[in-house]
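Colleague: I am new to this structure. Could you take me through it step by step?

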Amino acid sequence: MAGSDPRPFNVLGKPLRRVDALGKVTGDTRFADDFAMPGMLYLKLSRSTVPHARIAAIDVSRALAVDGVRAVLTGKDFPVPFGILPVSQDEHALCLDKVRFVGDPVAAVVATEELIAEEAAALIGVTYEPLTTIASPEEALRVPEPRIHDYGDGGNVHKAVAFDFGDVPAALASAHLVVEDWFFYQGNTHLALEQHAALAYLGTDERLTIVSSTQTPHYVHRAAAKVLGVPASRIRVIAPPQGGGFGGKTDPFNHEIVAAKAAMITGRPVKIALTREEVFYCHRGRHPVLMHMRTGVDRAGHIVGHSIETLLDGGAYGSYGVASTFYTGALETVTYRIDRYRFRGCRTFTNKPPCGPKRGHGTPQPRFGLEVHIDKICEKLGLDPAQWRIDNALAEGSLTANWLKVRTIGLVPCVEAVVAASGWKERFRKLGRGRGLGIAASSYLCGAGLPIYWNEMPHSGVQLLLDRSGSVTAFCGAAEVGQGSDNVLAALVAEVLGIDILDVKVVTGDTALGPVDLGSYSSRVTLMMGNAAVEAAQRARDRLADAAGLGIPLERIAFGGSRVFDASDPEKGISFAEAVQRAEAKGGTVGTIGSYRPPKAPGHYKGAGVGPSPSYSYSAAVIEVAVEESTGIVRVEKVWIAHDIGRAINPVLVRGQVEGSVYMALGEALMEEQAFRRLPPRLSGALVHQTPSMLEYKSLATLDMPAVETILIENPEPNGPFGAKEVGQGPLLPVPPALANAVYDAVRVRVDEVPITPEKVLAALRSSSARFGPSKFPAVSWPEALIVPPPWEGGDGNAINEPKRRERPERRRAEVAKP
Amino acid sequence: MMRLPRFRYLAPRKLSEAAAALADLGTQASVLAGGTDLLPNMKRRQQTPATLVGLREIRALRARSGDPGSGMTLGALTRLSEIEHDSAIAANWPALAQAAASVATPPLRNMGTLGGNLCLDTRCSYYDQGPEWRAAIGYCMKKDGEICWVAPGSPRCWAVTSTDTAPVLCALGAEVTLVSAQGERRIPVEDLFADDGIEHLTKKPGEILSAVHLQKPTPDARSTYVKLRRRGSFDFPVLGIAASARLRADGTVEEARIFLSGTGSRPTNAAEAVAFLAGRKLTDEDVLREAAESIAHVARPLQNTDFSMSWRKQAAREFAARALRNLLP
Ligand SMILES: Cc1cc2nc3c(=O)[nH]c(=O)nc-3n(C[C@H](O)[C@H](O)[C@H](O)COP(=O)(O)OP(=O)(O)OC[C@H]3O[C@@H](n4cnc5c(N)ncnc54)[C@H](O)[C@@H]3O)c2cc1C
Ligand code: SF4
């Protein structure tokens, strides 16, 4: 075995059943809504029925009089605001003086039964003074008053950013070809099968415990302490396994905080389980983004200048929106060589449920635009779009125009793999009318380089306890949201210690029982928790090796098969349990820790914090479609997708994530719309979510899935645990643009919008421009752009016009200049 | 989670007991078959009957009699999944099997009944929403309000018939038996429906649909059901086209019946297309196109279902042609 593989693994790369599988398939797994306690009360929120108004009065007397009601809460009970980002603490657990969208919670009823709480909530009388409603970003730009929030970048603009990484206008002026495009990517929601639920109680341990379906127990912990005024040391947040999150459970939510406060007031456990409609109001889904792109290329197609402007419909609150805004520009540069780059991004407030992070956070929209844009450029230059992607791929170890350091890049092998598997060379542009192939590629982060709140502490920590039975317990604050992070933790520890994966017990998602992990967002867990786990496990291994007493040099000690043995004489050794016992006897109880903090990023301009990552994953997809010209109905025949995983810790789980991404992406690409309905203003002031139900919000069902062929590219990443990269989000990205490009190949019309509905395809087929999509971008008063010269134009990672320029020691300059 | 409102539940074992209970309780009661339509509606507070008269214990409503040779009677509680998987139905009334198979999802078809499908409430995207949502836009006249959001000037409700089996049973010329405390009557399925989004059934509140009667098919009979919807997996019909016909060997139409779902408050009879087709050859592409055009003409969409209106008009033509083509051997 050792002879054929220079690095034989015990666990890694094996298609093992995931450690939490039995619980899932037998129903043993307890999700947040499965938690119940004796004497538990039920909480129901009363939500705003108007989109934008001042609250003049709230009458709770009728609700309080209902038999079984134990408490009614209003905004006055929650004077302290919160929010996920320190720069947008703009939410109140219950609205204080204003409501900002239909669904914004105004009051809460706690009762002995859920139905009583619901009936009483309907009796709460709220007097509203209506305010002008803002329904779209265009309207937000046009109507600065009334302001939805009294902070931000003026009027109803939440955030506007501008960057010039080199002089793009000059580059375009001298380019061989300049292509200009407008794209729109509609908003959509996560649609996790598990609806949010929370249970809060004051325990006999004199702690306030909040059990909640959250991807980020650590941030809920912080927000609860802040709003409730309870010391964080007396709050415990438990995140049980979840039925999907996809970014929809990464903010601290009003219902969690209200449940906690209600438990404090009543002294009883308080439970809330949201309805599907309420989940649509929590939202934090994909921002609708309007884009304007201009790109100049030389004769060979190499990009000499690329400009993108984005306009985001943020909805009613900040959420992650500032980060989302930066993300609509940050990752444009990490796939292909771009000499100069110009980015403008603007997020507006509107009276709709807040947008936030959904799988791909802010990047699927510009990625859609860029990949379709490139398809058009290739068409104009007569180049094969697959070959263009190979020829223009960024080189490993590059520093991009916007100062992102990219290490391993699996882009070319990904493109080559889908080209080969799909028969691209023989079939592209040759399938005949009605059938088409399209290609796209993409990249995504393996965790953000910076934490959400500024601190110097680790992003993830893992603690191991080795028991003399040979069992190992791994503690970590990471949240298992269905993605398989518990399995990653167990697998890595088992790998390093050479034991069976089932001998590793994981304890995760509990702020009282494990070191902090920032949460299951940003595709950070495998890399960050994984590195912490490997560090902790290596330290344990060192202790065991030291105490094993095999009488051989340390470097000859091997771990495998639940044994500790002599690598050159495998017969000679002891069992793993015995090694633990010897270590215990020698040095006391065996526990180790590991932690991880990402490397510092080379960019130092204001805004450089969004985009850096220890590593980037790459994906490429080819999609084949059949388009019915009489109706515009698009049928996806097959998807070939390759993903650069660095190293597959468990290939079955990796494929599951890839296929899940394809599934989610096809829903977005073909039909999903977080659409709103505004009724004739003279009849109704309403602005409501058009389809807040799982039936009418159209998304693919299992039976609608086409065949998917998944190819994993393994090219180990030095920054990843055993070389692993992310897979949770990246594979979503190439799918929508590959589909759009395939539709073009089939019927030669461009739908520059997502979703690509039959209506739009048919409209494009009937239009003289053979196109459907936006054709203008509204005027935005951009702030003065930060001018940051690219590395190859003498830059050092700073903006040359930043008011307070940071120090630039020579050492940094030299480090950054390295290839 | 969404809670059902409070209600009383009766479980009679005999049809006569059920009919008596309904006679007693009047509009305060609803019958419950599979519950796949009624219970979600109750959760949304669209219907809040004080009493539910459950039919599941009434064995007579599950009975089936007759055979293809003589015509067949299906009890109202026949589940859609039974119809979908019945080889005699598939062979003799294929449109019915196709329609049943296209309703909802497999688990819902295991619960949903034929009677419930025929009595399915009409649907409207302004109406099939939770109570807070409806409060936010203002209640409409179908429940608690005055206005119609689809046609604000209109005195009537335009909610849409969305059952898949109703147009098929109309096209097949099937009949239903209605039982009440006063007795029973048998009417063509077509006459079960009224052109009103609120009072969409001619059935009186005290009447229970007990059985559906299928006519014996002639040897040259053909039938088909074509359904337009967003997803292939499940969705209510945006347009359902049910067609049955007797064709001569040369493709000449002896007789045809065509009914549509999703285009009005009751199944729409495409009578003009039918009259046009009589005596003409369906094998003639021009004839087929013109008939399809005529069907599309009566498939007038409203703005209260999925898809844009203008697209639905285009698609109607295409789907009508598809349905007609399916009639050819
Ligand atoms: C997600 C989803 C998707 C769906 N998709 C479709 C679809 O694509 N096509 C479609 O046609 N339907 C669809 N339905 C609706 C429903 O599932 C079916 O129409 C089903 O056949 C209803 O039958 P039931 O027995 O469950 O009716 P119930 O819910 O029990 O009853 C429906 C109505 O009929 C009345 N009723 C029932 N039986 C009788 C009787 N014997 N006599 C008198 N009145 C009676 C009830 O009082 C009630 O008003 C869908 C439902 C859901 C939840
Ligand atoms: S058609 Fe009009 S009245 Fe009828 S349900 Fe819809 S909005 Fe209400």
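Modeller: Helix α7(A) is largely enclosed by the rest of the structure, because 10 of its 13 residues are buried. A residue is buried if 20 or more other C-beta atoms, placed from the backbone, lie within 10 Å of its own. Helices (H or I, at least four residues) and strands (E, at least two) are DSSP runs, numbered from the N terminus. This is a predicted model: local features need pLDDT of at least 70, side-chain atom pairs count only at pLDDT 80 or more, and totals for chains, interfaces and linings use all residues. Residues are numbered from 1 along each chain as its sequence is written, while chains are lettered from A and ligands numbered from 1 in the order in which they are written.

Colleague: Which residues in α7(A) are buried?

Modeller: Among them are Asn254(A), His255(A), Glu256(A), Ile257(A) and Lys261(A).

Colleague: What follows α7(A)?

Modeller: Gly267(A) follows, with a positive phi near 70 degrees.

Colleague: Changing topic, how is chain A divided into domains?

Modeller: Chain A has domain 1 (21-29 + 458-596), domain 2 (32-131 + 195-241 + 249-282), domain 3 (289-450 + 605-772) and domain 4 (786-817). Such bounds come from an automatic or database domain assignment.

Colleague: How many residues do domain 3 and domain 4 of chain A give to their contact?

Modeller: Domain 3 of chain A gives 7 residues and domain 4 of chain A gives 8. Residues are in contact if their C-beta atoms, placed from the backbone, lie within 7 Å. Taken over C-alpha atoms, the centres of these two domains are 31 Å apart.

Colleague: And how many residues do chain A and chain B give to theirs?

Modeller: The contact takes 28 residues from chain A and 24 from chain B. On the side of chain A, α3 (114-121) and α19 (758-766) are the elements that give two or more residues.

Colleague: Which strands form the open sheet in chain B?

Modeller: The order is β1-β3-β2 (chain B), with parallel pairing; strands pair if DSSP finds at least two bridges between them. β1 (8-10) and β2 (29-32) of chain B stand at the edges with a single partner strand each, so one side of each has no neighbour in the sheet.

Colleague: How many bridges join β2(B) to β3 of chain B?

Modeller: There are 4 bridges joining β2(B) to β3 (residues 51-54) of chain B. Val31(B) has Val53(B) in β3(B) as its bridge partner.

How values were computed: Two residues are in contact if their C-beta atoms, placed from the backbone, lie within 7 Å. A residue is buried if 20 or more other C-beta atoms lie within 10 Å of its own, exposed if 12 or fewer, and partly exposed in between; C-beta atoms are placed from the backbone.
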